[in-house]
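Please look over the sequence and the structure shown below before reading on. The report that follows takes up the helices, the ligand and the domains in turn.

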Amino acid sequence: MNREGKIIKIISNLYTVESGDKIYECRARGKFRNDKVTPLVGEFVVFDSYNAYILELKDRKNELKRPPIANVDAAIIITSVKKPDLSLNLLDKELLCVLNENIEPIICLTKCDLLNKKERKDIKNIFNYYKKIGFKVITNKNLFTLKRLIMGKTVVLTGQTGAGKSTLLNKLDKKLNLNTSPISEALGRGVHTTRHVELFKVGKALIADTPGFSALDLTMDKDKIKELYPEFKGVKCKYDDCNHINEKACGVKEKYENGTILKSRYENYVKFRSEL
Ligand SMILES: Nc1nc2c(ncn2[C@@H]2O[C@H](COP(=O)(O)OP(=O)(O)OP(=O)(O)O)[C@@H](O)[C@H]2O)c(=O)[nH]1
Ligand SMILES: [Mg+2]
Ligand SMILES: [Zn+2]
């Protein structure tokens with residue numbers, strides 16, 4: 001019998017599909033592979049419940065390549081301030097990928113307990129800037145705020161390996177008991193503890209735990225980036241199509257030079273453009 005459902009977990013080529021209140025372990029048809037479409041967690045599908053085969057993928061509202069997931073409302077970008085060290089380059093890249101898919105980003109800082117007084121002050125200043133330009137910023141201690149922000153939504157945890165994604169999920173629901181492990185002191189980064197994407201029901205939200213990464217590729221049109229920098233909006237430049245690089249009378253560059261735009265934000269913008 002053909003049914004509709006949603007993929008909630010993928011482990012190699014085994015797809016766990018939820019339909020009604022039942023769970024089905026399905027395979028995908030060879031056809032998908034030939035078409036180069038891979039089913040994703042979060043995907044709405046038509047499947048043959050008798051033979052346990054996924055037959056058809058429904059249209060996606062949005063999708064991320066990394067972590068691989070579809071149809072999410074918000075992304076909690078898990079950003080460690082230490083162990084692994086804070087990477088604003090990675091954070092700005094993640095924000096672009098998420099915004100480009102019309103997914104609401106929530107920046108969640110972790111490991112603030114490892115900061116000394118001076119570092120804490122610096123981090124506060126940096127993230128006051130992100131708040132000022134409109135991003136939601138919380139820490140993994142603000143569980144109450146986090147729960148309120150994600151109520152009723154499907155959200156994905158994304159971020160560097162070892163940043164604390166699974167640890168946060170365990171805090172939200174102790175029964176999950178997900179594997180976590182300390183970062184490698186030698187490499188200064190995580191050890192890829194989580195190996196698959198899986199959606200969990202946590203209170204009134206659906207949250208996906210995902211494998212972390214240490215680097216991320218931008219795959220968008222070069223000229224799209226400036227539209228995804230909220231602080232560039234409404235800034236006056238001499239040329240309407242200004243790219244804010246070498247143009248004369250560029251308002252964005254002025255704001256970077258006088259410190260109104262965070263140095264690293266603008267410098268990452270230049271880097272991202274040149275990488276594409
Ligand atoms: N001090 C401190 N340690 C933390 C915090 N959050 C997580 N950790 C530790 O960081 C390590 C890595 O945490 P994980 O939850 O496994 O990280 P992850 O993001 O799920 O990593 P991957 O599954 O590899 O992507 C564990 O040893 C956690 O105990 C925090 O807020 N403070
Ligand atoms: Mg994990
Ligand atoms: Zn400009």
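Helices here are DSSP runs of H or I with at least four residues, and strands are runs of E with at least two, both numbered from the N terminus. The model is a predicted one, in which local features need pLDDT of at least 70 and side-chain atom pairs count only at pLDDT 80 or more, while totals for chains, interfaces and linings use all residues. Residues are numbered from 1 along each chain as its sequence is written, and chains are lettered from A and ligands numbered from 1 in the order in which they are written.

Ligand 1 is surrounded by 24 residues, where a residue counts as near if its C-beta atom, placed from the backbone, lies within 6 Å of the molecule. The closest of them are Gly164, Thr167, Thr180, Thr194 and Gly212, and helix H5 (residues 165–172) contributes the most to this shell, with three residues.

An automatic or database domain assignment gives the bounds of the domains in this table.

| Domain | Residues |
|---|---|
| domain 1 | residues 2–59 |
| domain 2 | residues 64–209 |
| domain 3 | residues 222–275 |

The centres of domain 2 and domain 3, taken over C-alpha atoms, are separated by 26 Å. Ten residues from domain 2 and ten residues from domain 3 take part in the contact, for which two residues must have their C-beta atoms, placed from the backbone, within 7 Å. On the side of domain 2 that touches domain 3, helix H2 (residues 88–100) supplies the largest share, seven residues.
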